[in-house]
There are 2 protein chains.
Amino acid sequence: MSGGHHKRNGTHYHTVHTSRASVGRLSLYLRRLEALLEEGHGRVSSAALGEALAIPDTQVRKDLAPLDCHGQPGIGYATADLITAIRVRLGLDREWPAALAGVGNLGRALLRYHGFPRRGFRIVALFDSDPGKVGTAVDGLEIHPASRMTEVIRREGVELGILTVPSSSAQAVADGLIGAGVRGILNFAPGVIHTPAGVSVVNVDLTVQLEQLAFLVRLSAPERGPATTR
Amino acid sequence: MSGGHHKRNGTHYHTVHTSRASVGRLSLYLRRLEALLEEGHGRVSSAALGEALAIPDTQVRKDLAPLDCHGQPGIGYATADLITAIRVRLGLDREWPAALAGVGNLGRALLRYHGFPRRGFRIVALFDSDPGKVGTAVDGLEIHPASRMTEVIRREGVELGILTVPSSSAQAVADGLIGAGVRGILNFAPGVIHTPAGVSVVNVDLTVQLEQLAFLVRLSAPERGPATTR
């Protein structure tokens, strides 16, 4: 079928892997540039930008080449312009209204996560299946039942869904969000969720990052032996 | 001395990038294999394993080659043996006692995240600077003040620290954890934290993943702009 990075979640991830890697680096550059601008650096070279992130300047220049912002030899990039260009490229030059489904501890933590609104991600709707939560408000935002998804999501112009429900209900809630018009899902529930063509999913599995850490800690402890399997 | 991937956080990330990518894939294989075993598949081919993850079987075989588990042509790998071999490689064949610093919403969510104990990550100590929280317990685990870090971390044999404090105190709390003997930090606080040689850091920036999602959603909406790939 379609040249397809939307067939399903797993497929999606890997066929656009290159894009994702470069998108990830653009996010890192953006964070670094904002810090540099705050410190008063109106100009920055690709070498200086790459250095703090340990990314070779050839890679930095390659990543930045498609942007509408060109550096000058010996002078570098205008920091503010480069920030703007990256924000445009990443789609951060606009607001992204988002709905959060599953108002537990993680949902509440994300709702209060200052990083989201700073980047234009505004949580404008909450959903939960718990009748004890429905009708109550968190930080001034009412919790709606799943039955009102379509109505609320259309009214609020929601495009992204943040899924913080148990894995047992993840697919059903994702289907509900997608049916209501959501075009992308950030999934915190363990396990794979399937989405139709045109709907993107990014899975967040916090255990993967803890496994990376364990692996690195183990690597750095030579006394344990690199391949000691005991 | 160790070959220089511990200088600091940023450096660390990129010089071991290849390892991290392959570690990430091993984590994916592990999840997929566990599902296959549950479904009754005692054997699995590299092609079948790669297919659901959209990873080419040549890459799968390359990733699995260093493991102490070899597939047989036409038969494949014994699923259970491969699970064990990956767990050993990732350092999941043991328990990793962890301390959590910062018992807010995110901290509580992680404390109740079932994925952690399933992978051997056991949160055995809690720290918070809020005098109103110190001395109380969450899920039977007492919240200690930072002043007791060294004592508690040594007593519990804690090796990993999970940092869910505000970014303003992240470096100080990380320094405390490291001083008390922690060898790896999973950092949820925005911003860079610096660690001495031999201490690993994995940063979790939830905004990065939401940015990836926004980028993908934008790509899949050709009507919005020039970057049409589909």
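Tutor: Accessible areas come from the Shrake-Rupley method with a 1.4 Å probe, and for residues only the protein chains shown count as cover. This is a predicted model, in which local features need pLDDT of at least 70, side-chain atom pairs count only at pLDDT 80 or more, and totals for chains, interfaces and linings use all residues. Residues are numbered from 1 along each chain as its sequence is written.

Student: What is the accessible surface of chain A, and how much of it belongs to carbon and sulfur atoms?
Tutor: It comes to about 10,300 Å², with 54% belonging to carbon and sulfur atoms.

Student: How is chain A laid on chain B?
Tutor: A turn of 180° with a shift of 0.0 Å along the axis gives an RMSD of 0.0 Å, the copies being superposed by least squares on the C-alpha atoms of residues with pLDDT of at least 70 in both. That is the relation of a two-fold axis.

Student: What area is buried between chain A and chain B?
Tutor: About 6,500 Å², of which carbon and sulfur atoms give 64%; buried area is the accessible area (1.4 Å probe) that two parts lose on being put together, summed over both. A:Leu210, A:Glu211 and A:Phe215 supply 11% of the area that chain A buries against chain B, more than any other three residues.

Student: How many salt bridges are found across the interface?
Tutor: The rule finds 6, each a side-chain nitrogen of Lys or Arg within 4 Å of a carboxyl oxygen of Asp or Glu. One salt bridge joins the side chains of A:Glu211 and B:Arg31 (3.3 Å, N to O).

Technical notes: Chains lettered and ligands numbered in written order. Heavy atoms only, no water.
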